[in-house]
Each structure stands twice: as C-alpha cells, then as structure tokens.
Amino acid sequence: MAAIQTTALTKRYGKSVLAVDDLDLTIEEGEVFGFLGPNGAGKSTTINMLLDFVRPTEGSAAVLGFDAQADTDEIRHRIGVLPEGASVYDRLTAREHLEWVIDTKDVDADPDALLEKVGLSGEDGDRPAGDYSKGMAQRLGFGMALVGDPDLLLLDEPSSGLDPAGMQEMREIISDEADRGTTVFFSSHILGEVEAVCDRIGIMNEGRLVATGTLDDLQGELDLGAPISLEVANVPESLALDELAGVRSVAVEDATITATCADPSVKVDVVRHVAEATTVRDIVSEDVSLEQLFNTYTNGERDEGAATPEASA
Ligand SMILES: Nc1ncnc2c1ncn2[C@@H]1O[C@H](COP(=O)(O)OP(=O)(O)OP(=O)(O)O)[C@@H](O)[C@H]1O
C-alpha cells in the first residue's frame, strides 16, 4: 500500500486559477519525499487536499490507503501534520497544546519528551505560546505533529521561521523518524534541506508536477554536465580550456576557473591542462546542485515535451 496516492488530482479556484493540475503522485511507505516548487506552485493546495481542508475539483487522493475525502477521521488519527504557518493558541502553553493533541488522538505520549525532541525547554513549555518567537511556535507545531508516533508526517514548509541550528535539528528529527519507518512528505522551497534528507523529490511548477525522482535520476536526466572549479595563482591569457575535448563551457571569476564538462572523467584533463599553465591552489568538484535542477525545471529552460513526470519510481 502506498502512503500517499493521488490520481488526476486537480484544484481550480474560480475560472482563472488552476492551483493543482492533474497530479498523479505515489509516495511509498517509509519514503522521505521532498515536495519542491516556487511560491504559488500548488504545494500547499496539494497538502490541503490530502487533509481534506480543500476539496478537489477533480481526481482523488488516498492517504495510508484511506480516501482523503471520505475517511478523514481514520487518516487524522494516523498522521502528524504541520500546516503552513502553524498557528498557536496564544493563551495556552506548549505543554497544554501537546496535551490537547494527546487527548484528541487518544494516545499515550509524554509532553516533556516531545518538548525535548523539538528543542523547547521545560520552562518554555510552561509559557503561553503567545509569547513565542516564530521559530519556537514552529518547533511547537512540529512537536504536535509528532504526537503518537504517526505513520506519516505531512509537513508544510517545516523549516519556516527556524534559524540554521533549528533547521539542522529539524533535519535530524526527520532522519530519526525516517529511521523508525515513518513516511515523511514535506514541502519546501529550501533546496538544501531537501537535498540533505530526502530519498526522492518532486518538483511542482504552476500546478504541474514537472519532475520526480532521486537527485541522481534528475541529474542524469537533465544532462547538465559535470562542473569543476579551480582556484589558480593567476589566470593565463592563452588557456584555451574551452578547446579541450569534452569541455562544454568555461567561466572565469577573479582567480577561479569553472569548467562544465560533458562527463566527470573530463575533469582530470581539465586539472592537468590548467596545472600545466599555472599553479592550482584549490579544486572543487561538485555534482550538479539541486538548485540548478530546480531552476532548470521551473524557469522553463527545459523543453515542455521533454518533461517526464516520473524520472524513476
Ligand atoms: N483559497 C484560495 N483562493 C484562490 N486562489 C488560491 C487559494 N489558495 C491558493 N490559491 C492559488 O493557488 C495557487 C497555488 O497556491 P499554493 O498555496 O498551493 O502554492 P504553494 O506552492 O504552496 O506556494 P507557497 O510556497 O507560496 O506556499 C496560487 O496561484 C495561489 O494564489
């Protein structure tokens, strides 16, 4: 059974806004799936349809094998949700928020352990949530999502409002949850966090799913080349690096030469060629970043016809 399955899921707002367009998406149990896309791509609308906060115009969705529109109670008892911009009740403490979710879900959970897990002290836990910073409120929302060790976590922009340390902690919690078999589906426009924790990513753009797959799948499919950067003592005028077989393009910025190669094996030739002409001080060889992938899929640089909805399953 898939943890999430959508079939031709579509949401229109009025006549002009097609927020989600014919979405077919399958998330297997135990996967950590990053749902990426620029503002307005349709990520929250998709999550809201999975939660029955928004009704689809067409199509259907199943969550943990239950119909997202008909079986909402069954679903809500089994999943943990962090909605976009999670709001808190100003007068309730964090502990009271957690106790409320524990009661509602009718599970046995320790509020103190949850507070600790999301990085809130016992003292914070006894303060009214109205006094919290945005990051603290987000931590509390995350703690509420974790109540009852859910089988599936649906997190809408989980790192919103968190500082870098908070984002790192959030990634660690997601990894811990994944290790114990929880399926995690989270939306983000922060590429680094997706890259760090996801098994697979999906990229939404203007309501359509324009790519899904592992990072490797998507990198291989786009064939963006293999970049290598060399920091040199000085940039020789007659380097002619772009004439080297397998080098697609060369960019020079200050003392850094970046060559994009047709495949990684060409990088050795690049280093040799540059080292014959000048002193090489440092070498950085990276895979194509998720950022490049994201831009390629969402800026329309990619052929409409070539966009494959499923790079791999
Ligand atoms: N209640 C609504 N009424 C009308 N249009 C809406 C409504 N909710 C969303 N939209 C529109 O649907 C589209 C998709 O919005 P959605 O919030 O799903 O995007 P998103 O990918 O989550 O964006 P963000 O990263 O900014 O949260 C946008 O054009 C948005 O303006």
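The protein is divided into domain 1 (2-219) and domain 2 (225-285), with bounds taken from an automatic or database domain assignment. This is a predicted model, in which local features need pLDDT of at least 70, side-chain atom pairs count only at pLDDT 80 or more, and totals for chains, interfaces and linings use all residues. Residues are numbered from 1 along each chain as its sequence is written.

**Overall layout**
- The C-alpha centres of domain 1 and domain 2 are 43 Å apart.
- The C-alpha trace of the protein spans about 70 × 45 × 35 Å along its principal axes.
- There are 11 helices and 14 strands in the protein (DSSP runs numbered from the N terminus: helices H or I, at least four residues; strands E, at least two).
- Buried residues make up 39% of the 313 in the protein (buried: 20 or more other C-beta atoms within 10 Å of the residue's own; exposed: 12 or fewer; partly exposed: in between; C-beta atoms placed from the backbone).

**Ligand shell**
- The ligand is surrounded by 13 residues, the closest being Y13, A19, N39, S44 and T45 (near: C-beta atom, placed from the backbone, within 6 Å).
- β2 (17-28) and α1 (43-50) each supply at least two residues of this shell, and the largest share, three residues, comes from α1.

**Residue E123**
- E123 lies in helix α5 (residues 122-125).
- E123 counts as exposed because it has 8 C-beta neighbours inside 10 Å.
- R95 is 28 residues from E123 in sequence and 9.9 Å from it in space, C-alpha to C-alpha.
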